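Please keep the structure open while you read.

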Amino acid sequence: MCGRCRCSIRPDDIPRSSNLGNRPVRFVDTDRYRPAYNVSPGSNLPVIRRDTGANDEGAVVQCMKWGLIPSFTKKTEKPDYYRMFNARSESIGEKASFRRLLPGNRCLVVVEGFYEWKKDGSKKQPYYIHMKDDRPLVFAALYDSWKNSEDEIQYTFTILTTRSSSALGWLHDRMPVILANKGSTDEWLNGSSSSKFDSLLKPYEEPDLVWYPVTPAMGKPSFDGPECIKEIQVKETKPISMFFAKKATKLENQSDPQVPKDLEKTEKPKSPKQEPEDVCKIEHICDESKSDTSHLKREYDVFSSDTKPSDTKFTSPVKKKGNFKTSDDKQKTLFSYFGNKS
């Protein structure tokens, strides 16, 4: 896909940049052209088409608006240049808007580079794509003419795209059709209507097509100037899943390998106030003061950290779990002594 480009070439340099050779060239409406570093659909660009009035031997450099408006569009309809600024080369022979243009309305678009955005989560990072030696890029395109409500004839064009090259696949799945040499530009511009252009409409796979990141301010069509193509440094962002993976590994490495996993999960940190006392001492205190249950809670916490006492009847977790008895259990209380004596 190609939705932004740089075109700051002078109109009189266009023929040489597009490999036209020595054929006669005339210029039409080039005064409308404004060189820019950030060209968007709806802008005027110099386009090369075949000169039908010179026995097909000459060429015309004509200023046209980027974004195809088909000739059958109603005069009263407001033109939408973003609707057809690109055309898929695989389907131009099937769609009526493009099929009728193939025989005689093929053209060339010459630019110095184009921009593509890489999605990075919710953000998009633009990249400037150009030739390594800074020579211009020549795109295959189609043009049409349309008469508006004021009976003015307006020429518009669309840039053909194809699947992305193997080198650019990481950035986007589409790219412009680049005609890299004189043979391909001549074939596209002057080939017969019965010619098959499948061999031309392919991804550009040569290594001299390079790219680098540029400022995100490119997103605004009003942003223009040399700053558009200034290379910037992009911080590499890592997926959030990698953060959690590293955190889990760190916690696993910190755990004691001699402690069973189930104890690691249930063990709680102990504060000084919750320090457990000696089991025998706890049972002795319980026998002397039945009303004080705070020590029973401590005793419960020691032996049963994962089982809560019932709300209806309290059972000592010591006796419930192991039915343990200490030496204190065998001693007679004052109540039993006086009871027997009476």
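Predicted model: local features only at pLDDT ≥ 70, side-chain atom pairs only at ≥ 80, totals over all residues.

The points below cover the sheet, the aromatic pairs and the charged side chains.

1. The open sheet. Which strands form it, and in what order? There are 5, and the order is β3-β1-β8-β9-β13. The pairing is antiparallel. β3 (36-39) and β13 are the edge strands. Each has a single partner strand, so one side of each lacks a neighbour in the sheet. On average, neighbouring strands here are turned by 30 degrees against each other, direction ignored.

2. The β9 and β13 pairing. These two strands run antiparallel and share 5 bridges. For a landmark, take histidine 130, which stands opposite valine 210 in β13.

3. Tyrosine 128 is in strand β9 and tyrosine 212 is in strand β13. The two are 84 residues apart, so to speak, distant parts of the chain that this pair links. Both tyrosine 128 and tyrosine 212 are buried.

4. Aromatic pairs overall. How many aromatic pairs does the whole structure hold? The search finds 10. In one of them, the rings of tryptophan 66 and phenylalanine 157 have their centres 6.4 Å apart. Their planes meet at 5 degrees, so this pair counts as stacked. Tryptophan 66 belongs to strand β5 and phenylalanine 157 to strand β11. The pair links distant parts of the chain, 91 residues apart. Tryptophan 66 and phenylalanine 157 are both buried.

5. Charges over rings. The charged end of lysine 65 sits over the ring of tyrosine 81, 5.6 Å from the ring centre. Arginine 106 does likewise with tryptophan 188: its charged end sits over that ring, 5.8 Å from the centre.

6. Salt bridges overall. Side chains of opposite charge can pair when their charged atoms come close. The count for this model is 13 salt bridges. One of them joins lysine 75 and aspartate 151, with the closest N and O atoms 3.0 Å apart. Lysine 75 lies in the loop between β5 (58-66) and β6 (86-88). Aspartate 151 lies in the loop between β10 (137-147) and β11 (153-163). The pair therefore ties together parts that are 76 residues apart in sequence.

7. Aspartate 208 and arginine 135 form a salt bridge, the closest N and O atoms being 2.8 Å apart. Aspartate 208 is in the loop between α3 (182-190) and β13 (209-213). Arginine 135 is in the loop between β9 (123-131) and β10. The two parts tied together are therefore 73 residues apart in sequence. Arginine 135 is partly exposed, with a relative accessible area of 28%.

8. A salt-bridge network. Arg10, Asp12, Asp13 and Arg16 are linked in a network of salt bridges. Within it, the side chains of arginine 10 and aspartate 13 meet at 3.5 Å, N to O.

How values were computed:
Residues numbered from 1 in each chain as written. Heavy atoms only, no water. Salt bridge = Lys/Arg side-chain N within 4 Å of Asp/Glu carboxyl O. Helix = DSSP H or I, 4+ residues; strand = E, 2+ residues; numbered from the N terminus. Buried < 20%, exposed > 50% of the residue type's maximum accessible area, 1.4 Å probe, protein only. Phe/Tyr/Trp six-rings, centres within 6.5 Å; stacked < 30°, edge-to-face > 60°. Lys NZ or Arg CZ within 6 Å of the ring centre and 35° of its normal. Pairing = 2+ DSSP bridges. Axes fitted to C-alpha atoms, helices over the stretch in contact; angles between N-to-C directions.
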